[in-house]
Amino acid sequence: MTERAHRRQAEPHLAPVPDACYLCKGARLRMKFPARGGGEPEGAAAYNCTSFGHRSHPPIWECKDCGMLFQWPMRSAQELLSAYQGVEDPLYVAEKENRYHTFRKVVRALGPPLGRTLLDVGAYCGYFLDVAREAGFRAEGLELSRWAAGHARSLGFTVHGVPLAELAARGVQYDVVTLWDVVEHFADPRAELEAAFRLVRPGGRIYLSTIDAGSLVARVLGGQWPWLMDMHLFYFGRPTLATLLEEVGFHVKDTRTYTHIISADYLLRKVGASFRPAAPALELARRVVPGAWAIPFNLGDNMLMAAERPA
């Protein structure tokens with residue numbers, strides 16, 4: 001949270017209450033989803049891209065004015081930085097082939113490469129960088145996980161291991177900046193997108209994917225929506241993400257759903273972690289379903305938004 005939304009204490013037996021909405025600064029807030037625990041894993045593993053910690057999160061608050069959802073209280077930016085620097089995620093590597101399938105579809109949304117420069121924020125193991133290079137972009141990454149950045153550098157990429165603001169302060173700019181499933185993890189997404197704005201060359205574009213808290217499936221599932229997790233600090237819908245992008249200077253150009261391609265085994269494990277009563281049946285299914293099957297997964301609750309920095 002920024003300095004403009006300090007914590008105030010409620011009654012001692014209640015959770016701390018935020019003073020204002022992160023996005024619109026409105027004061028009409030309610031706790032949308034109470035804290036729940038007992039999920040696995042804990043510690044740095046809770047911040048893995050492939051985390052199965054679908055049953056654990058602090059209180060999640062809703063602004064009645066703009067609809068923004070956000071975790072509160074949340075860890076400090078320094079705590080989060082340390083957590084992400086320590087992330088190691090071998091399951092992500094095991095799903096490498098399907099990550100490539102996903103990114104080869106996604107890269108088409110960026111238009112003709114034409115030798116344009118690209119920065120992938122949250123580059124992780126460098127698989128999108130590899131796809132972007134394959135397509136014809138001149139790609140670099142930014143990744144805080146030392147483990148993941150090492151994987152990306154082994155593919156021959158420049159990978160910056162610093163926060164966005166630090167890279168932006170160097171004065172470098174790119175034609176395209178991408179953030180795949182990243183913005184929901186920022187402790188201060190406004191400040192991070194302001195830094196991203198400075199990194200985009202005038203006339204260039206930013207592309208973001210994130211979970212869509214305003215989607216039909218998210219609204220139907222409510223507190224059982226699997227993406228309510230420790231590592232997700234902010235829950236955007238299409239209007240709230242567009243508002244924030246426009247606020248920092250971008251002009252939103254396109255919004256669509258985002259499809260992940262995942263293995264059948266990974267899907268069954270994710271569903272089992274999300275809906276515990278079904279876990280035994282899903283474990284049986286894992287014994288008979290070919291685990292390597294590649295499955296396009298899109299329930300409409302992941303979005304991709306493109307925005308342009310005015311020339």
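Reader: What makes the meeting of the Arg 190 and Glu 247 side chains a polar contact?

Author: Their separation is 2.4 Å. A polar contact needs a pair of N or O atoms within 3.5 Å; within protein, one must be able to donate a hydrogen and the other to accept it, and residues adjacent in sequence count only if both atoms are side-chain atoms. At 2.4 Å, the pair falls within the 3.5 Å limit, so it gets the label. One caveat: this is a predicted model, where local features need pLDDT of at least 70 and side-chain atom pairs count only at pLDDT 80 or more, while totals for chains, interfaces and linings use all residues. Also, side-chain values use heavy atoms, with hydrogens and water left out, and residues are numbered from 1 along each chain as its sequence is written.

Reader: Why is Arg 190 called buried?

Author: Its relative accessible area is 3%. Buried means under 20%, exposed over 50% and partly exposed in between (1.4 Å probe, protein chains only), so Arg 190 counts as buried. Arg 190 belongs to helix α7, residues 189-199. Helices (H or I, at least four residues) and strands (E, at least two) are DSSP runs, numbered from the N terminus.

Reader: What makes Lys 25 partly exposed, and Leu 114 exposed?

Author: Lys 25 has 30% relative accessibility, which puts it in the middle class. Leu 114, with 73%, passes the exposed cut-off. Both sit in loops: Lys 25 between β2 (17-18) and β3 (29-33), Leu 114 between α3 (96-106) and β6 (117-121).

Reader: What makes the crossover from β6 to β7 right-handed?

Author: The chain goes through helix α4 (127-135) on the way.

Reader: Why are β8 and β12 called edge strands?

Author: The open sheet of seven strands has the order β8-β7-β6-β9-β10-β15-β12, with mixed pairing. Strands β8 and β12 (251-257) each pair on one side only.

Reader: What makes a nonpolar core here, and which members touch the most others?

Author: A core is a set of buried Ala, Val, Leu, Ile, Met, Phe, Trp, Tyr and Cys residues joined through side-chain atoms within 4.5 Å. The largest has 82 residues, and Val 177, Trp 180, Ile 206 and Leu 245 touch the most other members. A second, separate core of ten residues includes Trp 225 and Tyr 235.

Notes. A crossover is right-handed if, with the strands pointing away from the viewer, the path from the first strand over the helix to the second runs clockwise. Two strands pair if DSSP finds at least two bridges between them.
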